[in-house]
Every structure is written in structure tokens, then in C-alpha cells.
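Thanks for coming, everyone. Please take a moment with the sequence and the model before I start.

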Amino acid sequence: MRITLGVTGGVAAYKAAELVRRLQQDNFTVQVVMTRSAREFITPLTFAALSGQKVITDLFSGAENGEANLESAIEHIAVAQRTDLLLVAPATADILAKFARGIADDFLTTLYLASTAPVIVAPAMNVNMWNHAATQENIRLLRDRGVTVVTPDEGYLACGMIGPGRLAGQEEILAAVRSVLHAHRDLQGETVLITAGPTCEDIDPVRYITNRSSGKMGYAVAEAAARRGAKVTLVSGPTALETPAGVTGIDVRTAAEMHAAVLARFAQSSIVIMAAAVADYRPAVSAGKKMKRGKEPIALQLESTTDILAEVARDKRGRLVVGFAAETDNVAENARKKLSAKNADLIVANDVTAEGAGFDVDTNIVTIFSRDGRDVALPKMTKAEVAQRILDEIVRVRAAQQKNAGELAEAFNAAIKESSH
Ligand code: PMT
């Protein structure tokens with residue numbers, strides 16, 4: 001797993017060097033990001049030597065000698081996507097304030113906003129700065145947003161004062177890392193089957209019917225599920241995307257191939273998520289040779305494909321099945337219809353005509369409909385964030401399913417015991 005360690009400017013910055021070694025001993029890959037003021041206390045070279053990775057120091061690396069390029073400018077997005085946990089140690093009052101207020105004026109603060117990974121901050125500062133109402137307010141704000149704060153230790157501080165403000169011990173920080181990552185691996189033990197992308201239905205050897213799906217939504221779900229500990233298989237139609245790390249990819253082309261690939265893996269799966277835009281119709285006959293141009297109009301006879309989602313969800317046997325609904329009108333009504341007609345546990349509906357939603361964009365606007373009547377309407381967010389929210393709902397429904405199954409089993413056992421008396 002990859003941890004991004006943000007080092008900010010305080011006397012305790014030197015302690016982050018030891019933290020790198022301890023994290024590596026726990027088998028984490030560590031990417032260090034330093035703020036400008038951190039470099040006043042310790043050099044990037046120390047961290048590069050310890051971590052074996054280039055240390056990131058600037059939002060636009062090379063900017064100082066006029067060589068900033070697009071690649072460096074979007075690096076924070078790439079690092080954000082690769083990060084399983086953002087740990088900032090030591091965290092100054094300044095970085096806490098920037099995180100709390102959403103100021104993104106350097107690499108670390110921009111990364112914080114761009115990442116969906118869990119965040120831990122380990123503050124270290126002068127006692128009066130720590131006790132200041134502004135810092136305490138920022139800490140409260142960050143905690144409310146789910147950031148884990150490793151409270152500073154009390155003791156003799158570098159400024160000569162005594163009180164809270166000393167960077168927490170390495171063991172305490174490592175315990176927070178393990179506990180946060182454990183909590184975020186809430187799909188451990190689950191086998192998740194995901195479909196993504198379009199399908200292509202051949203008219204002849206050179207022409208086919210397809211749709212605008214890029215696969216981004218399904219791939220984002222696959223990547224997030226793998227990070228949360230699931231064993232993930234991604235059945236994908238043709239896309240330009242790479243299979244995410246830790247995911248088993250299966251490439252298919254047509255709806256029939258996707259159907260066969262899903263059926264072959266359905267039995268071993270505990271959760272199935274169908275984000276693919278599967279063709280509802282295919283040419284009834286695919287010509288063996290390229291069709292010749294003629295003067296007369298021609299008609300293309302289409303036949304319907306199998307509704308893969310409806311077919312597998314008919315007999316779920318304890319599996320949790322999630323469908324998507326790509327709608328252009330009456331989104332809620334159509335999504336609810338699909339929830340019951342396809343016997344899904346959840347339907348993720350998107351209005352594919354809305355700006356920043358649906359096909360081939362990096363964001364989506366979805367509502368998640370569930371059988372228990374809970375509708376979760378989400379604002380526009382990146383597909384990576386949408387993926388996390390879908391998985392949150394899955395975890396919630398799965399926990400309820402498992403509780404019900406446990407209660408049923410208990411009641412059954414009690415009835416058997418009763419009848420044998
Ligand atoms: O790939 P992107 O560019 O990121 O775009 C994302 C998306 C718009 C494709 C995605 O968010 C989405 O909405 N996916 C479902 C597209 C779709 O086919 O929707 P539908 O309402 O037609 O189908 C409903 C459900 O049935 C879907 O889960 C679909 O996978 C499934 N289905 C449909 C037809 C079929 N023959 N078999 C199926 O299993």
C-alpha cells in the first residue's frame with residue numbers, strides 16, 4: 001500500500017525521517033511530499049535516500065528555472081490517485097488552517113483536496129499555537145470531515161515551553177495508520193465482479209454499433225473496491241483505460257461475450273456491480289464480408305440482447321447486486337422501476353444529459369436507490385468519489401443483509417431445537 005507522507009516546517013520535521021523507515025518496515029511504499037518551510041529544517045535528499053523515491057517539493061517542479069511542464073502540473077492528481085493514505089507529520093498550525101479552509105497553494109495542500117484517501121495529521125507546534133482558538137477550531141473542522149488527528153504529546157517543547165505540542169510518538173502515529181487503513185479495508189473478504197465500458201455489436205467486419213461509454217465509472221469502482229480490500233474482477237468492453245492495480249481484468253467486445261464472462265464468474269462473487277453500457281440490441285445478422293455501398297436505402301434488423309443484470313439478479317442467493325441506470329428523463333421513476341424489474345439491491349442512476357454527468361467525463365452526478373427506500377442524492381463529484389460513495393452504500397446494505405441472515409439462522413436453529421424437545 002502507498003502512503004504519502006507530507007512533511008511540513010517544524011523542528012519535529014527530522015522525526016519524519018525515522019517515520020519513513022518505520023512505515024517501510026510495515027511494508028508500505030512511502031512517497032514524501034515536503035512543503036517549502038519543511039526544507040528549511042531537513043533536506044529532500046534525506047527523504048529521497050530513505051524512501052528510495054523522488055521527493056515532491058513543488059506544485060510546478062522546474063518552475064524556478066522556467067521549465068514547468070504540464071506533466072509536473074498534474075502530478076498531484078496522479079499522486080492523489082495512487083495514494084492509499086495521506087499522513088502529515090509533523091503538521092504545522094499553518095497546514096491545518098489550509099486544509100480546514102481548502103486553500104490549495106502548494107503541492108501538499110492541492111494533493112489534500114484532490115485525494116479521496118483517508119487523511120491523518122500529527123500536529124506539532126508551540127503550546128500557545130496549539131491551544132489557540134483558531135487552531136482548535138481548525139482541528140474540530142478537520143475531525144468533523146473525517147480526518148484523524150493524532151493529538152500531540154505534552155512535554156518540553158523546542159521553544160522552551162512545557163505543554164501539549166510535541167509530535168506524538170512513532171508508535172502512536174503507526175497505530176493510527178494501521179487502524180485507519182484497517183477501517184478502510186471494509187471490503188476485505190468480498191469477491192467483487194464489476195462490468196465497465198461499452199459493448200460493440202458487429203454489422204459487418206468493419207462496422208459496428210456501440211455507445212459513448214469510456215469505462216471511467218466502472219474502472220473507478222474497481223480501483224476503489226480493490227483498495228478497500230476486495231478481490232476484484234473487472235469485465236470490460238473496449239476502452240482506452242488500463243486495468244487498475246490489484247484488479248483482474250477480462251476484456252470482452254460484445255454483449256454476448258460480456259454475458260458469458262459474467263456468468264462464468266457470478267457463482268464465485270459475493271458482490272456484482274454492473275456499470276457497463278451493454279447494448280440492448282445487436283444486428284440480427286452480422287455480414288461475413290464488408291457490405292457494399294448501393295443506391296437503395298437499407299434496413300438494419302436488430303434483435304435484443306440478454307439483459308445480463310436481470311438474468312443474474314434473478315437468483316442472487318445472498319449476493320449483493322448493483323445496477324446502474326443511464327437515464328435522459330424521469331430519472332427517479334425509471335431508476336426505481338429498474339430496481340424492482342431487475343431485482344437489484346441498489347441502482348445507481350445518472351442523468352446522462354446533465355453537464356458533468358454520465359458518459360466520458362471525469363465527474364458524475366448520481367442518486368443511489370436502495371430496496372430499503374433510502375435514496376442518496378449526491379452532488380457533482382469525481383467518478384473516484386462517486387465510486388467510494390457507492391461502496392459505502394454497498395457496505396451498509398451488506399451489513400444489514402448479513403445481520404438479517406444471522407438472525408434468520410438463529411431463529412431456524414431455535415425452531416429445530418424446540419421441535420426436537
Ligand atoms: O463509462 P463512462 O464513460 O464512465 O460512463 C458511465 C456510464 C454512463 C456508462 C455509467 O454511469 C452508467 O450509467 N452505466 C449503465 C449504462 C446502461 O446501460 O444503463 P441502462 O439503464 O441501459 O441499463 C441498466 C442496467 O442494466 C445497467 O447496470 C446495465 O449494465 C445493465 N444491462 C443493460 C443492458 C443489458 N443488455 N444487460 C445489462 O446488464
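First, the ground rules. This is a predicted model, so local features need pLDDT of at least 70, side-chain atom pairs count only at pLDDT 80 or more, and totals for chains, interfaces and linings use all residues. Residues are numbered from 1 along each chain as its sequence is written, and side-chain values use heavy atoms, with hydrogens and water left out.

Now the whole protein. It has 14 helices and 21 strands. Those are DSSP runs, numbered from the N terminus: helices are H or I with at least four residues, strands are E with at least two. Along the principal axes, the C-alpha atoms fill a box of roughly 85 × 80 × 40 Å. Of the 421 residues, 47% are buried. Buried means under 20% relative accessible area, exposed means over 50%, and partly exposed is in between, with a 1.4 Å probe and protein chains only.

What about contacts, meaning heavy atoms within 4.5 Å? Take those with a separation of 6 or more: residues 24 or more positions apart account for 65% of them.

On to the sheet. What is its strand order? The sheet is open, has 8 strands, and reads S12-S11-S8-S13-S16-S17-S19-S20, with mixed pairing. Two strands pair if DSSP finds at least two bridges between them. At the edges sit strand S12 (247–251) and strand S20 (375–377), each pairing on one side only. Neighbouring strands are turned by 15° against each other on average, direction ignored. Angles run from 0 to 180 degrees between N-to-C directions, and axes are lines fitted to C-alpha atoms, for helices over the stretch in contact.

Look at strand S8, residues 191–196. Is S8 largely enclosed or open? It is largely enclosed by the rest of the structure, because 5 of its 6 residues are buried. S8 runs parallel to S11, with 6 bridges joining them.

S17 (residues 346–351) and S19 (residues 366–370) run antiparallel, joined by 5 bridges. Leucine 346 stands opposite serine 370 in S19. As background, strands of a sheet pair through backbone hydrogen bonds, either parallel or antiparallel.

Which helices cover this sheet? Helix H11 (residues 255–266) packs on it, touching S8, S11, S12, S13 and S16, and its direction makes about 175° with that of S8. Helix H10 (residues 216–227) lies across S8, S11, S12, S13 and S16 as well, running at about 165° to S11.

Last, the backbone. Most residues other than glycine have a negative phi, and most peptide bonds are trans.

The peptide bond from alanine 89 to proline 90 is cis, with omega near -5°. Proline 90 lies in strand S3 (residues 85–91).

Asparagine 27 has a positive phi, near 70°. Its place is the loop between helix H1 (15–25) and strand S2 (29–34). At 65% relative accessibility, asparagine 27 counts as exposed.

Arginine 317 also has a positive phi, near 45°. You'll find arginine 317 in the loop between helix H12 (308–314) and S16. Arginine 317 counts as exposed too, at 68% relative accessibility.

That's my tour. Questions, please.

Definitions and conventions
Contact = heavy atoms within 4.5 Å.
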